[in-house]
Amino acid sequence: MAATGDSAAGHRLNLDPNEFGTTSESSASVETLEQILPRMKVAIPGVTFEVVPNSAPGAEPSWLVDREHALSAAFFLRDDSTLRLDYCSNVTGVDWPERTIKVKVRKGEPGAEKEVEETRVVPGYLEVVYHLYSMAAKHGPVVLRVRTPGRGNDVSLPSLTPVWRSCELQEREVYDLFGVHFENHPDLRRLLMWEGFKDHPMRKDYVPPDDYEYEPTPHDEILEKAQARLARREASS
Amino acid sequence: MPSHGGATAKVPTEAGAPRGPDAYRLTAGDNEYDDGSLLEISMGPQHPSTHGVFRMDVVLDGETVVKLKPVFGYLHRNHEKIAESASYLAAMPYTDRLDYFCSLTNNWAYALAVEKLAGLQVPERAEFLRVITAELTRLQNHVCLAGFLMQDMGASGTPLMYGFREREKILDLFEALTGARMMCNYMRFGGCRCDTPPGWLEEVRKVVDRFPRFLDEFENLLSSNEILMARTQGIGVLTRDLAINAGITGPVLRSCGVDYDLRKVDGYGLYPKFQFRVPLGDHGDTYDRYMMRILEMRESLGILRQALDAIPEGPILDPKSKLRGFRPKPGEAYGRIEAPKGELGFYLISDGSPNPYRYRIRPPSLINLTVLEDLCLGHNVADTVTILGSIDIVLGEVDR
Amino acid sequence: MLGIGLIKGLAETGRNFVGSYLDPDRLVTVEYPEERLPVKENFRQFPFLVFDGEKADIGLRCVACQICEKECPPQCIYIEKSKDKKPDHLGKPQFYPAVFDIDISVCMSCQICVEVCPFDAIKMDQQFELSTADRFRGLLLTRDRLAKPNSHFQAIHPRDAAEIDMRRVDERAKAEAKAKADAEAKAKQATAAAPGATKAVASTPKPAAAPANEGAIS
Amino acid sequence: MSLNEIYNWGRSNSVWPLQFGLACCAIEMIASTMARYDMARFGSEVFRPSPRQADLMIVSGTVTKKMVPQIVRLYNQMAEPKYVIAMGACAISGGPFKQGYNVLKGIDRYIPVDIHLPGCPPKPEALIHALMSLQKMIADQPLTGEGRPRHLKPEGASEFPIPHQGEQDLEPPCNPHIWRPPAIPRPVTA
């Protein structure tokens, strides 16, 4: 421990304006995937990387990486000399439950095809999104996505905590609220809910416990629940 | 961490079976600490200096911390889940309650993310009002932080009283503008809710003009106080590399010399128009973190003066913005601002419906706590309290 | 020298102590129940319902459109629409809230109900001394407790109230002018058609008089 | 002046709160002890960090299900006579966060609350008003007879069962001896 009580001289902050932080005028934009992909393919053989489009105005596209190569891709993104994405800002989970979509398909004999509407089942999955920035080069963000194959048993993903420590607590949160199992995470416990809690409440199909005994201003589902509770109470008394 | 060859619980696997050394295992919980020399204590969730319902499980060797595990979730009030089942507008008053010292910067971060998602433009006067309210928020957050930090060190009362006295003046301004002292609910997508009441900007100028006197007093009172220096210098040193890798943001990051202030880097709002400097520290210790806040307040005052001089007349809301029936097109956006505690970000995914499909807050307080154990190891237990105070957490944001 | 910083700090507390007697900027205590801080015009606590005139059950501006109920973030408003209609200030028959409850034990004072209300019927009150020992009845405000006269609104939010009153007077004048013009047009039509059919003349005055009649009944 | 009045005068003017903040309302609670509002004028400036020395628990903020066992335990550790102010919407009913899965819909499900103070958050003056109502309540309490306070009755409970955190919810979800909500019939509208 440093000697305490000595003069402030060693700790004085320089008030000279030049010593203060400066504006980084026009921070450089990040390279596109086409520029990075060749380098990455050399560094990590077998990596699949694709762009997930984002239709919001001015919003950046995100990159989907396969889970087997996610860890090495993360190391590459951090250590690459032009990217230098040394700062992982935000880690979050997204739950995409199984859904059915209607697709128009051409069917029938060749030459006499008909357009038929078919319902298709898109399997559900859990997705973890990382927002990466560079503090050294002051650019970003790069949005990295990793997906699990399903929502049931196979929900493990590699933990990126060895690459960026900032993922530590956020990945614990994703594990707690979404149920994504992060392999090689140093301390994978529930972060927000208590130990012994059995569900993952941020999933879309989570059913909260029914504790609506007194609802003076009920609406929709709560109204139904309050009604049911009232009926039970009247029946029992 | 020192190793302790203490008692290990030996559990035979099966009676009668031939046993080798592999047949023994350690039960969870009966760990290396039960040889009597170490003490495991739980600080919080009800503890006078954990800034709310934060809890730390601390293992002590005498007075020295050898292990510290933060425990979260005592204020987990499901903000994200509630916001995903309500309209975009309905989430705005909830953001006030995230970091309940700084409701206006929370409003701004959320509005910024939605504006990015829906492509709304903010009129110039509204941008000025945002800058003014955000910088006032920064001032009142930092004075309170300094007061609480001193309270944690045992300066019970005086600095906190002085801090709250100045905060009251700023809260009066908020109340006159927005109608509430703490939960302002002021910003809307594409602008602000209401224009300033008559004479409000002059009131702000009065407060801004008198604030430096308070800061001088505060510095006279504390910054060269020998006890403060002894308790903070060299305590809880954060290194530059660890800070970057652990995603630390805000004054805690800048105290170890990393020049990363989103007002400069992203240049959101009107910040590129203003002249201000970003204070940087060299040591990354508790004293540097304290001084960062004091210096930042002086820069904020400069921004406020420039903004008050230049604020134009005009509309305060984008005419395209809708109060009811607001449905952004499908897509996603991540908006972030430099909140007083660090980078506050909102990540939104829209599926075209009136409520967000995914609504995520990137809380600076939570992520700044990643390094709490690293900062506290090897220090006395009383220093954990000052280190925690200098990180500046608010539990509403840590647990959401 | 060791201790200089401490002495400087003590001098500062001394200056503050003396200054608190001389300088109003040092914010000395406001002795709350006896003296009060001035209430800011924008200050908001809980919503109330505005009614015009003397009687709450006649003059209530709310037409039970239930927009505030839908938009309320914590869902603390409960409205039941009436079966019948009463004329509003323009004389147009409108529904009114048969039940209008606000649970102030849930309300977060966010003012969104006020912003979305198209009829200026719900506004924010400034009463904050509401602590009670009665958990269930004391905190559920019913329609009768929520209804407050326009004069109360004018007293607490003078700028807003003046603007809204002006607008309502304009609306009313416009509506009256329109009704008058309609009646005249109809009368003209009737006189034009009079030689042909005498029955039409007898039936024309009815629609114009209908709102007034209905108001008298209810 | 009767002995009863003298006794209650002393009790009501030295209500020491427990230093115990939960969320946003705690900041307004701190503000009300600061110079501008100065709760010390009512004898309540001494915020005790230990429940053993406190008379009043101000539940200031959102009570989460993770926090409930600790709050009930703190309440049990306080010495009689003890009082509770539920400060703010969240403490009374869960408030704006009552739709959340981890939020308790009112602390009065587990401990008896004397004064309910609505507001989100209430102003510091409102807290002082609540404290004054509590003082008035204490001053009006008879010391003998049927209406005497709980701590003077031999059968009056001073400890309340601490709920257990189950797999989904707290067990039991409320203490039926102190939580008896009235039924409010609401028709189902289409």
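In the predicted model, 36 residues of chain D are in contact with 33 residues of chain C. About 2,900 Å² is buried between chain D and chain C, and 62% of this area lies on carbon and sulfur atoms. On the chain D side, the residues that lose the most area to chain C are D:Arg36, D:Pro118 and D:Arg186, which together account for 21% of what that side buries.

Polar interactions between chain D and chain C were then examined. One salt bridge is counted between the two chains. This salt bridge joins D:Asp108 to C:Arg135, with the closest N and O atoms 2.9 Å apart. Eight residue pairs in polar contact, both members at pLDDT 80 or more, are found across the interface of chain D and chain C. Three elements of chain D give two or more residues to the side that touches chain C: helix H4 (88-93), strand S3 (115-117) and helix H5 (124-139). Of these, H5(D) gives the most, with seven residues. By class, the side of chain D that touches chain C consists of 19 nonpolar, seven polar and 10 charged residues.

Between chain B and chain A, 64 residues of chain B are in contact with 67 residues of chain A. The size of an interface is often expressed as the accessible area that is lost when the parts come together. For chain B and chain A the buried area is about 5,400 Å², and carbon and sulfur atoms give 55% of it. B:Asn245, B:Glu332 and B:Tyr357 contribute 12% of the area that chain B buries against chain A, more than any other three residues.

The interface of chain B and chain A holds five salt bridges. In one salt bridge, the side chain of B:Arg400 meets that of A:Glu173, at 2.7 Å from N to O. Residue pairs in polar contact across the interface of chain B and chain A, both at pLDDT 80 or more, number 27. Helix H11 (residues 286-310) of chain B gives the most to the side of chain B that touches chain A, supplying six residues. That side of chain B divides into 30 nonpolar, 14 polar and 20 charged residues.

Empty space in the structure was also examined. Where such space is left is shown by rolling a probe the size of a water molecule over the atoms. The largest pocket has a volume of about 1,400 Å³. It is lined by 47 residues, of which A:His219, A:Asp220, A:Glu221, B:Ser85 and C:Gln75 are the closest to its centre. At least two lining residues each come from helix H4 (220-236) of chain A, helix H1 (79-84) of chain B, and helix H3 (67-71) and strand S2 (77-81) of chain C. H4(A) gives the most to the lining of the largest pocket, with six residues. The lining of this pocket comprises 22 nonpolar, 11 polar and 14 charged residues.

Across the whole structure, the search finds 12 cavities of 30 Å³ or more. The volume of the largest cavity is about 130 Å³. Fifteen residues line the largest cavity, and those closest to its centre are B:Ala180, B:Arg181, C:Gln45, D:Cys120 and D:Pro121. The lining of the largest cavity is made up of seven nonpolar, three polar and five charged residues.

Terms used:
Residues numbered from 1 in each chain as written. Chains lettered and ligands numbered in written order. Predicted model: local features only at pLDDT ≥ 70, side-chain atom pairs only at ≥ 80, totals over all residues. Heavy atoms only, no water. Contact = heavy atoms within 4.5 Å. Buried area = accessible area lost by both parts, 1.4 Å probe. Salt bridge = Lys/Arg side-chain N within 4 Å of Asp/Glu carboxyl O. Polar contact = N/O pair within 3.5 Å; in protein donor to acceptor, adjacent residues only side chain to side chain. Helix = DSSP H or I, 4+ residues; strand = E, 2+ residues; numbered from the N terminus. Nonpolar A, V, L, I, M, F, W, Y, C, P; charged D, E, K, R; others polar. 1 Å grid on protein atoms, 1.4 Å probe; cavity = no way out; pocket = protein on both sides within 12 Å on 5 of 7 lines; lining within 4 Å. Points joined across faces, edges and corners; volume = space filled by probe spheres on them.
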